[in-house]
Amino acid sequence: MSTSIGTGGTFQLTFGGQTTAAIAFDASETEVQTAFRLLTTVVNTATVAFTSGKTLACMADGTNPMTITFTGDLGDIALVTSDLSLLV
């Protein structure tokens, strides 16, 4: 789970040594999931979900944790990290 605070800018997700392209602070669940699934280290069954009722990846008050879920028998997997340094 990751919580991002911002009203502008971009962030990136890293998994298995690969990093997404910049993702806009106001990206939808689908946009974040698509960017994440473009990494060759990510299986297409990975899903991204926002807190119920939230529509933006980042909120000014940090009230929208996003959850990334991997399904299937993947064994131990690498940690998903985020670079929030370009959020404002």
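In what order do the elements of the protein chain run from the N terminus on? Colour the chain by secondary structure and follow along: β-β-β-α-β-β-β. That makes one helix and six strands, where helices (H or I, at least four residues) and strands (E, at least two) are DSSP runs numbered from the N terminus.

Before you click further, some ground rules. This is a predicted model, with local features needing pLDDT of at least 70 and side-chain atom pairs counting only at pLDDT 80 or more, while totals for chains, interfaces and linings use all residues. Residues are numbered from 1 along each chain as its sequence is written, and side-chain values use heavy atoms, leaving out hydrogens and water.

**Stop 1: the whole chain.** Zoom out. The C-alpha atoms fill a box of roughly 35 × 25 × 20 Å along the principal axes. Of the 88 residues, 32% are buried (under 20% relative accessible area with a 1.4 Å probe, protein chains only; exposed is over 50%, and partly exposed is in between).

**Stop 2: strands S4 and S5.** Select residues 47-50, which are S4; four bridges join this strand to S5, and the two run antiparallel.

Now show the side chains of S5, residues 66-69.

**Stop 3: the core.** Nonpolar side chains tend to be buried together in soluble globular proteins. Here the largest nonpolar core has 19 residues, and Phe 11, Val 32, Phe 36 and Ala 57 have the most contacts inside it. (Such a core is a set of buried Ala, Val, Leu, Ile, Met, Phe, Trp, Tyr and Cys residues joined through side-chain atoms within 4.5 Å.) Strand S1 (10-15), helix H1 (29-37), S4 and S5 each give two or more residues to this core.

Centre on Phe 11. Leaving aside residues up to four places away in sequence, Phe 11 touches a list of residues including Ala 21, Phe 25, Val 32, Ala 57, Met 66 and Leu 87; contact means heavy atoms within 4.5 Å.

**Stop 4: a buried Asn.** Finish at Asn 64, in the loop between S4 and S5. Why does Asn 64 count as buried? Because its relative accessibility is 1%. Show Leu 56 too: its backbone oxygen lies 2.3 Å from a polar atom of the Asn 64 side chain.

Notes
Two strands pair if DSSP finds at least two bridges between them. A polar contact is a pair of N or O atoms within 3.5 Å; within protein, one must be able to donate a hydrogen and the other to accept it, and residues adjacent in sequence count only if both atoms are side-chain atoms.
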